[in-house]
Amino acid sequence: MPSLDDLLTAAVIGVGGSTRPGQVDMAHAVSDAVDKQEHLLVQAGTGTGKSLAYLVPAIQHAMATGRPAIVATATLALQAQIIDRDMPRLAAALEPVLGRRPTYALVKGRRNYLCAHKLEGGFPDDDEGSLLSVGQVDQQASRLGAEVVRLREWAEETESGDRDELVPGVSERAWRQVSVSARECLGGKCPMVAECFVERSREAARDVDIIVTNHSFMAIDAFEGRQMLPEHDVLIVDEAHELVDRVTSTVTDELTGPLAQAAAKRAARLAESTDALDDAGVFLGDVAAQLPEGRLLGIPDSLALALARIRDTARRVATELKPDKDAEVDGTRQVARSAVDEVLDTAERILEERELDVVWVSQDPRRGPVLRVAPMSVAMLLRDKVFGERTVVMTSATLELGGTFNAVAGTLGLRGEGSPAWRGLDVGSPFDYPKQAVAYVARHLPSPGRDGISEQTLDEIEALVRASGGRALGLFSSMRAARDATEAMRERFAEDEGEIAFLCQGEDQISTLVRQFARDPRTCLFGTLTLWQGVDVPGSACQLVIIDRIPFPRPDDPLSSARTQAIARMGGNGFMAVSATHAALRLAQGAGRLIRRGDDKGVVAFLDSRMMTARYAGFLQASLPPFWPTVDRELVLGALRRLDEHAPPPLEVAEPALRGTTGALKGTRMGSSRSASRTTGSGTGGETRGIPADDRPVAADPPPAESSRTAVTGGHAWTAEADEELRDGVDLGLSLEELAESLELPEETVAARLAGLGLDASGATAMRFD
């Protein structure tokens, strides 16, 4: 087996790149982690080439051991980049050195693929009126019928059955007519299992070196032990800052009265007890309609009664739906069982009132009251199921918040008693951020309120967009703000028709909107969460990123409020640990949309004066790339005008392509089957640091305590837990006064212990705005 350096050199030459110190450091760190079976957290700034830095050692390990490496991403865009661009070029570059071509495959959840059995009529239609038949008889009968006809035609020519291959896409309602969920699938008993797109893709994936999937699929495979992924001992999680939210979403359940009624309807022809389940659904809907929106701190008696009726009636129907031992497989029965089991499981879960579960009611304009249940924390679940059985490498451009990995590591289950050993590494970024980008805070604007986007803020957006000549990505904290800003700009620029266009998230598929934005420099794209983290538009098409306000979680968000209260009960600062950490992560991701290449230039405009004035401003600033900071409005507008005047043409935009069975681009040769760095210590708290290239102040952790009582200051005996709380507070940017208040101790006692530990609670900031 060639050395890692030889492989890395061949890879860089093969893809037409150049050696990057951060990339080399990361590749060696990944290789060491795999060899030592030690978990690794790597922060790699945009431009590091982190995908190549983990793919090369992953390929080396897979080919040496005969076991695949799994790469899990949060977004479809990154999956497509790895499968469509990175792996084909890497495989070609490494083939002469390795003696055979590395192989790879893309694996997704069942709902992402066509179901061959459903296409042949093996399952009931999801809508009344036999929509498949309607589509066959008259393509013009409805938009839905036309979409289904198009899906059938596409099914005759696609090799992968992957929904993402279909461009333009179809509505979710149409896609349901040709796909099934994991619960609905007949599995190995399906009469068309040999033609199944899902089984073919997973079978092809069993003999490859690199398997690319998404966070949710990886989590389900780990949590439920379904063995959908081949046996492996290395997992690489890219976009790791998103893992906790994606996993939480995966294990969140919901229940409504109409959902129970729909389950009863599906089972009506196969079971006799469905009327009782239908009545229970009506009763649940009536009870839920009387509940206030928001978190339920306990299950009210009326709701407990309604849920018990759902549970008991669903259980009876589920019993009746069980097929006889020798009965033929039946798609209709399987779909009914799936619907009833889902209702039963969710009702039971809510009634159990598990210690970490949070239950809340939300009012959906279309569906009415919805009961939702989710875990307050998935840290222990991740520790046991994801980190417990393999070597895991977590990587992202934003894993250090406020200058430390601790905040993110805690949410992953990598801190506290019993946590596994891990190492943190920040390999920096090859970009010269202070010379390439300006961070502008509009200090003159009023603090954002709850009454929507202000006229002063709209005036500021207009001035910035006029100066930049378009080329603007607007990141808003809510869809209401994004839509209001879009409409306001369209009105204000109406007389300049043909000059600057405005697109808004929700007006088309995100991928389509992003391609349109990337092609036309006189276009602005406004949106919310998806755009904060899923947009990669290098070049002159994006020279201005506008952030309307600090993206704190909503005060009434059930999970965030529950986490905040739980931390406060334990004596911590819930706001800093939850809300400020959430905001720091989002800000770092949003600001990172601007500089994607070494020759990119532009401005990130923060339209929230709290970025300078709030007590937590230093923590937020320390989480951002080290842009050149200013509050000088005229300077910024002048810079944007000059950038627009001298901007080169936008880069060419690639279109989606057809895929093969493995998910690779159709026609791609897959090859033969497989027969300035800063280093932090382990999760126990040990940490050593070099001086960061950007000279940002970073609080260093002391060595781990050797006993439960570490010191006595001012008559107070300090424990390891109290020392850890001090470190957390310093990491979060708390002042001496706030730390003393949190610990309920005199300031001089806390100051003495801080000095003994070598900690600084001065709250120094990363950027200074003049």
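**Close-ups of a predicted model**

**View 1. Who sits around Leu382.** Skipping neighbours within four places in sequence, Leu382 is in contact (heavy atoms within 4.5 Å) with Phe223, Leu243, Val244, Val247, Phe387, Thr411 and Leu412. This is a predicted model, where local features need pLDDT of at least 70 and side-chain atom pairs count only at pLDDT 80 or more, while totals for chains, interfaces and linings use all residues. Residues are numbered from 1 along each chain as its sequence is written, and side-chain values use heavy atoms, with hydrogens and water left out.

**View 2. The largest nonpolar core.** Leu382 turns up again here: along with Leu412, Leu382 has the most contacts inside this core of 77 residues. Such a core is a set of buried Ala, Val, Leu, Ile, Met, Phe, Trp, Tyr and Cys residues joined through side-chain atoms within 4.5 Å, with buried meaning under 20% relative accessible area (1.4 Å probe, protein chains only). Helices are DSSP runs of H or I, at least four residues, and strands are runs of E, at least two, numbered from the N terminus.

**View 3. Strand S13 and its two partners.** S13 (residues 472-475) runs parallel to S15 (residues 523-527), joined by 4 bridges, and also pairs in the parallel sense with S16 (residues 544-547) over 4 bridges; pairing takes at least two DSSP bridges. Leu475 has Gly527 of S15 as its bridge partner, and Leu473 has Val545 of S16. Ala472 and Gly474 point one way, Leu473 and Leu475 the other, and all are buried.

Methods. Buried means under 20% relative accessible area, exposed over 50%, partly exposed in between (1.4 Å probe, protein chains only).
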